[in-house]
Amino acid sequence: MQDQKLPARLDAPRAVLVVVDIQEKFRDLIHGMDQVLAGSSRLVRFCQAMDIPIVVTEHYPRGLGVTLSEIRGLISPFKCIEKIHFSCAGNQEFNDTLKKIGGDQVILCGIETHVCIYQTAFDLMGQGKQVAVAVDAVSSCSPSDREIGLNHMCEIGVQSMSVQMIMFEILKKAGTDQFKKVAPLLKG
């Protein structure tokens, strides 16, 4: 095995959640959309409880519709960044938002794994960010495209983690007030 630098463990003050393109037109097209919605919703609620910033994107909403109500309804006031680049990092408003937030650890959820999630992860890593993808909160239209996207992200150093794994890593230990506050979300 090659010597490889270990990434830092996820840490709430350094983290930001990016919810990528969970939009109306995709509801019936994405393989396992119910799981994507459930996992993404858990991450949103967890990040809110932990004061981790959340950024939501919509890809060409005039054609693909707005963010699904299951996600929209969790975030108040709801604000999203509209984009036409597949990579969120191709959008200046997105880059400016991340810079303003200051987090260098980006957690990704949403769709599609092999397009917008992969390209965003690639570009963010190129910017020096640490990137973790919530594997049970991302998908594509086809299961094979999802797997190809996840595999390629692993090859370039993106951390593949489950929603629950992300939450426990950020929490670090049980028995704290924060742990008690989010305990219902941990029972995935």
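Helices (H or I, at least four residues) and strands (E, at least two) are DSSP runs, numbered from the N terminus. This is a predicted model, in which local features need pLDDT of at least 70 and side-chain atom pairs count only at pLDDT 80 or more, while totals for chains, interfaces and linings use all residues. Residues are numbered from 1 along each chain as its sequence is written, and side-chain values use heavy atoms, with hydrogens and water left out.

**View 1. Lysine 100 in helix 4.** Lysine 100 belongs to helix 4, which spans residues 92–101. Its relative accessible area is 76%, so lysine 100 is exposed (buried means under 20% relative accessible area, exposed over 50%, partly exposed in between, with a 1.4 Å probe and protein chains only). Between the C-alpha atoms of lysine 100 and cysteine 47 there are 18 Å, and the two residues are 53 residues apart along the chain.

View 2. In the order 3-2-1-4-5-6, 6 strands form an open sheet with parallel pairing; two strands pair if DSSP finds at least two bridges between them. The edges are strand 3 (81–83) and strand 6 (159–161), each with a single partner strand, so one side of each has no neighbour in the sheet. On average, neighbouring strands of this sheet are turned by 25° against each other, direction ignored.

**View 3. Strand 5 and its partners.** Of the 10 residues in strand 5 (residues 130–139), 8 are buried, and the strand is mostly covered. Strand 4 (residues 105–111) runs parallel to strand 5 and is joined to it by 6 bridges. Glutamine 105 has glutamine 130 of strand 5 as its bridge partner. Strand 5 and strand 6 are also parallel, with 3 bridges between them. Here alanine 132 stands opposite glutamine 159 of strand 6.

**View 4. Helices on the sheet.** Helix 4 lies across strand 1 (15–20), strand 2 (54–59), strand 3 and strand 4, and runs at about 175° to strand 2. Helix 5 (residues 113–126) packs on the sheet and touches strand 1, strand 3, strand 4 and strand 5. The direction of helix 5 makes about 165° with that of strand 4. Contact means heavy atoms within 4.5 Å. Axes are lines fitted to C-alpha atoms, for helices over the stretch in contact, and angles run from 0 to 180 degrees between N-to-C directions.

**View 5. Helix 8 against helix 1.** Helix 1 (residues 33–49) and helix 8 (residues 177–186) have axes 10 Å apart and pack at an angle of about 180°. Helix 1 is therefore roughly antiparallel to helix 8 (angles under 35 degrees count as roughly parallel, over 145 as roughly antiparallel, 65 to 115 as roughly perpendicular and the rest as oblique). Arg42, Arg45, Phe46 and Ala49 of helix 1 meet Lys181, Val182, Leu185 and Leu186 of helix 8.

**View 6. Helix 8 against helix 7.** The axes of helix 7 (residues 163–171) and helix 8 cross at roughly 175° and come within 11 Å. Helix 7 is thus roughly antiparallel to helix 8. Gln164, Met167, Phe168 and Leu171 of helix 7 make the contact with Gln178, Phe179, Val182, Leu185 and Leu186 of helix 8.

View 7. With a disulfide taken as a pair of cysteine sulfur atoms within 2.5 Å, the count is 0 disulfides. For cysteine 141, the nearest cysteine sulfur is that of cysteine 116, 11 Å away. Cysteine 141 is partly exposed, at a relative accessible area of 38%. The sulfur of cysteine 154 is 17 Å from the closest cysteine sulfur, in cysteine 109, which is too far for a bond.
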